[in-house]
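Dear colleague,

Please find below the sequence and the structure that I am handing over to you. My findings on the packing of its helices follow.

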Amino acid sequence: MVKKVVLFAFVSLFVFSGAYAMNLSSSDMERFIKTTKALTPYFDDLDDDHDDDEDDMIILNVEKFKQMVLDAMSGNSEMRNIVRGNGYPSVESYAEQYAHIMRAYMASSGMGHFAELERSMASMSPEKRQAFENSPVFQMVSETKRQLASVPESHIQAITPYMTQLHEVFGHDDDDEDF
């Protein structure tokens, strides 16, 4: 359990601490899901060609994640055509929306992991708890929690009705220990 939280914290360490303003309507969410499902085979091919550890480090940094999506589509006219064909005015607007939705998804999913860690810590002996609280891992987890708490509540509320579909789009497996 601690391993799961540590991995999540490590991935989340690079979250910007500021809130990002983007309105996410239900039509935005439906368009995003439709577009991303159509792009999944292309993204799957890219995943096979890239080092996931490097990509995991930037997943919650809106600007870096946006740039990663743009880079993935830069040499592929089919991907750009799918994005535009689904009503996005530009590939940049899709990439930015993707970054904000991914960040909200991780915040929504992550808070449950923090609650699980807190429950686990409550069962620790005072000595173990103090040692853990003084560890770099705990400091990283605390910072990640603080940063995820900065995700606008409106973003989390916008994605909540679509969590099942987002799990599918992002390849989340309920049996998997990680996201």
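**Helix H4 against helix H5**

In this model, Ala 72, Met 73 and Ser 74 of H4 meet Met 79, Arg 80 and Val 83 of H5; contact means heavy atoms within 4.5 Å, and helices are DSSP runs of H or I with at least four residues, numbered from the N terminus. The model is predicted, with pLDDT of at least 70 needed for local features and 80 or more for side-chain atom pairs, while totals for chains, interfaces and linings use all residues. Residues are numbered from 1 along each chain as its sequence is written, and side-chain values use heavy atoms, with hydrogens and water left out.

By class, the contact of H4 with H5 has four nonpolar, one polar and one charged residues. Here Ala, Val, Leu, Ile, Met, Phe, Trp, Tyr, Cys and Pro count as nonpolar, Asp, Glu, Lys and Arg as charged, and the others, Gly among them, as polar. H4 and H5 pack at an angle of about 120°, with their axes 7 Å apart; axes are lines fitted to C-alpha atoms, for helices over the stretch in contact, and angles run from 0 to 180 degrees between N-to-C directions. H4 is therefore oblique to H5, given that angles under 35 degrees count as roughly parallel, over 145 as roughly antiparallel, 65 to 115 as roughly perpendicular and the rest as oblique.

H5 (residues 77-85) also holds Ile 82. Beyond its neighbours within four places in sequence, Ile 82 is in contact with Thr 35, Ala 38, Leu 39 and Tyr 42. Ile 82 and Ala 38 are 44 residues apart along the chain, and their C-alpha atoms are separated by 7.2 Å.

H4 (residues 62-74) packs against H6 at an angle of about 135°, with their axes 8 Å apart. Among the residues in this contact are Phe 65 and Met 73 of H4 and Tyr 94 and Arg 103 of H6. By class, the contact has eleven nonpolar, one polar and four charged residues.

H6 and H10 (residues 163-170) pack at an angle of about 110°, with their axes 12 Å apart. H6 is therefore roughly perpendicular to H10. Tyr 98, Ile 101, Met 102, Tyr 105, Ser 108 and Ser 109 of H6 meet Met 163, Leu 166, His 167 and Phe 170 of H10. By class, this contact has seven nonpolar, three polar and no charged residues.

Yours sincerely

Terms used. Helix = DSSP H or I, 4+ residues; strand = E, 2+ residues; numbered from the N terminus.
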